[in-house]
Each structure stands twice: as C-alpha cells, then as structure tokens.
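Could you walk me through this structure, one selection at a time? I have it open in a viewer and would like to know what to click on next.

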Amino acid sequence: MKTLRFAIAHNLGLVLAIGLFVVLYAIYVSMHPNYGMNVVLQNGNEALALILVGMAQTMVVLIGGLDLSVGPLMTLVNCFGSIVMAGTGGSIVLGVIACMALGAACGFMNGCIVVYGRIQPIIATLATGAIYLGLALFLRPTPGGRIDGDFAWAFTNDINELGYTYGWWEDLGWFGLIPLQPIYLILIVVLVWLPFRRTATGRGCYAVGSSEAAAFMSGVKINRCKLTAFTLAGFFAGCAGIYLTMQIGSGNADAPQAAEYTLRSIATVVIGGTSLYGGSGGVIGTIFGALVLRSISFIFRVVPESSALGFVASPLLQPFFEGVILLIAVSLGAARTFRVRNRLSLFT
Amino acid sequence: MSLVSKIDKPILIGLGFIVLILAVGTVYTLSTQGTAVFLSPNYLMQQLHVGAFLGITAAGMMMVILLGHIDLSVPWTLAAGAMLATAIGGPLGALTCIGVGLTVGLVNGLGVAFLRVPSMIFTLGVNTVLLGLMVMLTGGHAPQSAATDLMLFLGRDRTLGIPHSVIVWALVSLTLVFVLTRTPLGRYMYAIGNQEAAAYLSGVRTRLVIVAAFVMCSLCAVIAGLALGGYSARAYQAMGDAYLLPSIAAVVLGGTNILGGQGRYAGTVVGALIIVLLQSVLSVMQMEEAFRQVIYGAVIIGMLLIYSRGRIVNA
C-alpha cells in the first residue's frame, strides 16, 4: 500500500494524464454512434505521428532543453521516405531503416551543436529546424512521390489486413482486429525507451535535467547523456516521419504543418506530466498527453448537433475550445502557487 | 572608454556581417547585371521598410526574453490585432487593436507571473485561443479585411521618401531603449533575468515587472500588425506566423542571452536587419527556397558559434 501510494505520488503527472485521457475517451466512446475497432484504428492513425513527435520533444525537455526542430525533422524524413521507400519488397525495409538512421543522425547533429557548440538547445534547434526544412524542400520542391500502396495500406491497418495483403496469415479472429499503431508504440517503448531508462546514460539524462552542475559533480557523463537524448529525439521524430509517409503515401515539405507539430509537441509533453524545467517525467506520460489532445478533437466530432452542447460541435469553435482546455490544464498545475508558505520557493 | 568596448562584440560582428552580405550581393549583381542594386538608397530604404515589421516584433520579443521568458502568442496577437482593426474599421478599430495587445499582454503576464505556468506553454495556449477566436470571427461570414486609412498611413505611406513604418520602428526603439536604460523598470528586467529570487529579495515587485514586459511585447506585436496590415493592404489569418521564429532569431543574433538577463537593444535591431537583408539578397540572387532555408539556419548557428557560446559546466 505504501509503495503504491509512493509510486502514485512520484508519478502524479503521468497518473493525471492517464486519468484525463480515460475520462475524455470514455466521453467520446459513449457519444460515438457506432463505436468499434475500426474507430480505434482511425483514432490511432490520427494520433500516432503526434505521439511520436511528442516523444521526441520529451527527450530534449527531460535534459532541460527544448527542441524546435522535431516538426521540420519529421517533415524531412517524410520527404526522404517518399523517395527511399518508393520501391517494393525488401528495398522498402532498407528504406525504413535508412529513414530511422537519417532521423537519428539529424538528432545527433543537434546534440553535437548543443554539446560542442555550447549553444542553447532552443536556438540551436531553431536554426537546424530551418536547415531540415530546407533539405526537405530540396528533396521535394513540390508535394509528390508515391510509395507502394500495398505496403502503406497494410502497415497502417490492423493485424488481419497485414496478413491478407501479403498472404502471411488468414483471419485471426478478435486478435486480428487489433490495430498496428498501439503495437508500434509498445514495441518502441519496450525495445527503446524502457531499456534506455535503465541504463546509466538514461538515468544521467534525468540528473542532467535536474541540475547539470550537480550531475557533473556526481560524475555523470553530461555530454554523452545530452548526445544520446538528442539522438533518441531524432530517432523518434524519424519514426513519426516514417509513419506520416505511410499514412499519406507521399512526401510533402509542408512548413506550416511542421510548425504546428512542433508547437503541439510542447503541449503534449506538458499535459503528459513532464516538467518543462527538465529532470522529471517521461515518454509514457507524453503518449497519454498526445492522446488527451487528440481525444478533445475527437469529441468535438461526435457531439450531436441537437443536444444541449450542440453549439460546441461547430468546427469553427474547435480551435478555441482546444486552446481554452490547454490553458485550463496547464493552469491546474498552478495550484501549488497558492499553497506555498514562502514565496521565495517559487523562484526555482 | 573606447568606442569598440562600448559597442559589444555581437553588435560589431553583426554589423560586419551586414556589410559582408551587401558586399557579396553587390559582387553578384555587378558580375551578372553590371549594377550595384544593393547599394542604392532606394533598395536599402525598401529593406528598412519591410524590416520594420520584424524589427518591431523582435523588439517586443526581446523584452520577455530579457526576463528569461518567451512569448509564443506573438503570431496570433499580431494577426488578431490587425484583423479586428480592419473588421471594426476607423479609429475605433485601431483602439480595439491596441486593446487586444493590452489584454493579451495582461493575460500572458498574469499566467506567467501569478500562476507561474512556464511562459512557453502558457503563451502557446493563449496563441491557440486567439487563433480560435479569429476563426470564429471570420468563419461564419467574411468581415471587412481591407486595411484602414490609419493602417495604410503607418504601413505603406512615406514622407520625404522615408517609410512611416521605419519611423514607427524608430519611435518604438527609442521608447524601449529609454525604458531599458533610464528607468527602474529596465533595471529590474535585467535583474529578474539574471536571478529572479535575488531581485525579489531586493524588494522588486517582480510579478508586476513580468506583467509589464509581456504587455510591452504584445503591444509591439499589435503595432507591427497594424503596420503590416497596411503594407499588405489587408489583414489575413496567418499573417503573423512568419514572424515568430525570425523574431526570436533576431533577438538572439543580437547577442541577447536566451536565458535572460543580458543583451543590448541595438543588437536586436542589427539582428532583425541581418535576417531581412539575408533573405532579400538571397532571393535577388535567385537562390531556391530550399537553399535559402539552409543558409539561414547555417548563418544563425555560425554567428552564435562565434560569439554566443555558453560556459562549460564544471562546478
């Protein structure tokens, strides 16, 4: 009991994010006229890229920085992917690997500029973001490219469709209805995040985010931690780019979209309970943070026009309510401001 | 005190870089067209005219960056101000526009100073709310979006060849320089940017100072919105989006520390000029958009590597 209470108190942000998501999604499910696995699939499709970009942002926020290049990097990988993933069969696998490598390499470059150039992350990534967007425009001056339709369809669908498309397996019953998006997420979390969290470097990232000087004095390899965090951020942003490519089937160097993803990623990180000052939180919270953001827009879609709340169903009002909910959510964290005895403790 | 030590390093290097941009551009035009178009007063005045919008926005952004904060609500504050000014029209529209600036600044300031929400996320939320409000305003029907006479006067017209937007920029600059260097408020802003707790213990009412800085930032944004609306003869939804990151870049290129507490106003002017001239010269050289972006990013990194490197943490 005591351990449970301790665990909850220690992960309050995560617990709140999960709670908020469960409540919002339950509202959505209860209002949806014909809810089913296909709706989950559609939701997953709309959420996954944002989740992955949010995870990328989380890595940099954890070490006390901010990454303004996650959106442009996703766009760059999208444009790159529309070229290297355009073949068929085995070449697609190579293309996906190349995309992941490009993401990680760009993240590593961000890290090098921050670590060895000693430029603040927010500014360094503002500049590299422009560079990545430029490279994306260079690869795809106009939207275009076409990746293999079967591949794009099969890997953004559920387990059954994956089997049908390639003739790997027949109908697997309820198991086959599970969408692939949650599986991708679980794979990334189990294979990348959880092992990383347990290494000395992973713990070091938290230490660096809490206090760089203290981490240095304790013998944490600061540079290695920062480089790894940025590289992982690039990798996650690259995964988002790959998924986007599969989803839209082509490459598009869309600057407004890149900027929107970057700004939204900050919101997902904060709602997911990661401190913008660094040192606490994690990508699992961010997953739920992104789901909270997406659930809000899902709900607006299914509010019946005739109900008492029908007026909010207007798509024109949606951005407004999204902003208000975001403001309320982040202001809730301000409750401590009114409880502190010594106002000096506010200036951390 | 010699002049060189008075003008600090970032400003000096920035000015040098401006000369370099113009020199490279001139060599290019001399070799291709045989004219030195970049050195003509007409061209330079035109650049100042366009640069004023970025300059005014960046000036406001600098006020919050000096405190170690950031204002991501600038794009839609600018757009909302201009859109309301055109929708209402006349002098009342301009007053509403200023009112938008005051209100947004107050809300931002209250959220950041009193609720102590990180400015990064609070202003992001305010930006989304403003976007939502403007979508509501323009969604159902199309309001008047042609610039009012006052906006045209501020943004498009010239007197004796000097664009009024440049005069506005100069006035805003003079006011801010006065505030930063000649008033207690300015001193407090630098103090808070360095160590908020220390400023608080010295008796500075830090929360009011933060609110004041955010109000100044939003006011600059709506003034830029008025002038920009006049320049493009209309107000439109995404008009501010192109000013957020460049204004942050201009402030930082000018030598202001992104963590706050350090920086001179003249640097921000130089930073804004660098960005405007770089974009303009590259486009005259018919550089593709892709390469322009890459060069723009590389220049920011390169310049910061020269003069804005952080200290090594070793204790």
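Before the first stop, a word on surface terms: a residue is buried under 20% relative accessible area, exposed over 50%, and partly exposed in between. Please keep in mind that this is a predicted model.

**Stop one: a charged pair in chain A**

Select Glu212(A) and Lys226(A). Together they form a salt bridge, with the closest N and O atoms 3.0 Å apart. Glu212(A) belongs to helix 11 (residues 212-217) of chain A and Lys226(A) to helix 12 (residues 222-248) of chain A, so the bridge ties together parts that are 14 residues apart in sequence. Is Glu212(A) buried or partly exposed? Its relative accessibility is 25%, so Glu212(A) counts as partly exposed. Lys226(A), in contrast, is buried, with a relative accessible area of 13%.

Over all chains, a search of the whole structure finds five salt bridges. For another of these, move to chain B and pick Glu196(B) and Arg116(B), whose side chains meet at 3.2 Å, N to O. This pair links distant parts of the chain, 80 residues apart: Glu196(B) is in helix 10 (residues 196-201) of chain B, while Arg116(B) is in the loop between helix 5 (90-114) and helix 6 (119-139) of chain B. Both Glu196(B) and Arg116(B) are buried.

Next, highlight Arg292(B) and Glu289(B), which also meet in a salt bridge (3.2 Å, N to O). These two are three residues apart in helix 14 (residues 289-307) of chain B, so about one helical turn separates them. Glu289(B) is partly exposed, at a relative accessible area of 36%.

Back in chain A, select Glu260(A), Arg264(A) and Glu322(A) at once: salt bridges that share partners join them into one network.

**Stop three: the aromatic rings**

How many aromatic pairs does a search of the whole structure find over all chains? There are 14. Start with Tyr28(A) and Tyr35(A): their ring centres are 6.5 Å apart and their planes lie at 85 degrees, so the pair is edge-to-face. Tyr28(A) is buried, with a relative accessible area of 3%, whereas Tyr35(A) is partly exposed at 33%.

Then show Phe320(A) and Phe321(A), another edge-to-face pair, with 5.6 Å from centre to centre and 65 degrees between the planes. Phe321(A) is partly exposed, with a relative accessible area of 22%.

To see how ring pairs can join up, select Phe21(A), Tyr25(A), Tyr28(A), Tyr35(A), Phe288(A) and Phe298(A), which are linked into a cluster.

One more ring deserves a click: Tyr206(A). The charged end of Arg197(A) sits over this ring, 4.1 Å from its centre.

**Stop four: the nonpolar core**

The largest nonpolar core has 202 residues, and among them Met55(A), Ile121(B) and Ile248(B) touch the most other members. Centre the view on Met55(A) and show what surrounds it. Setting aside neighbours within four places in sequence, Met55(A) is in contact with Leu185(A), Ile188(A), Val189(A), Phe236(A), Val283(A), Thr286(A) and Ile287(A).

**Last stop: a serine in chain B**

Finally, select Ser280(B), found in helix 13 (residues 265-284) of chain B. Ser280(B) counts as buried, at 10% relative accessibility. Which residues does Ser280(B) touch, not counting those up to four places away in sequence? They are Tyr43(B) and Gln47(B). With Gln47(B), the side chain of Ser280(B) makes a polar contact of 3.4 Å.

Conventions. Residues are numbered from 1 along each chain as its sequence is written. Chains are lettered from A and ligands numbered from 1 in the order in which they are written. This is a predicted model: local features need pLDDT of at least 70, side-chain atom pairs count only at pLDDT 80 or more; totals for chains, interfaces and linings use all residues. Side-chain values use heavy atoms; hydrogens and water are left out. A nonpolar core is a set of buried Ala, Val, Leu, Ile, Met, Phe, Trp, Tyr and Cys residues joined through side-chain atoms within 4.5 Å. Buried means under 20% relative accessible area, exposed over 50%, partly exposed in between (1.4 Å probe, protein chains only). Contact means heavy atoms within 4.5 Å. Rings of Phe, Tyr and Trp (its six-membered ring) pair if their centres lie within 6.5 Å; planes under 30 degrees apart count as stacked, over 60 as edge-to-face and the rest as tilted. A charge sits over a ring if NZ of Lys or CZ of Arg is within 6 Å of the ring centre and within 35 degrees of the ring normal. A salt bridge is a side-chain nitrogen of Lys or Arg within 4 Å of a carboxyl oxygen of Asp or Glu. Helices (H or I, at least four residues) and strands (E, at least two) are DSSP runs, numbered from the N terminus. A polar contact is a pair of N or O atoms within 3.5 Å; within protein, one must be able to donate a hydrogen and the other to accept it, and residues adjacent in sequence count only if both atoms are side-chain atoms.
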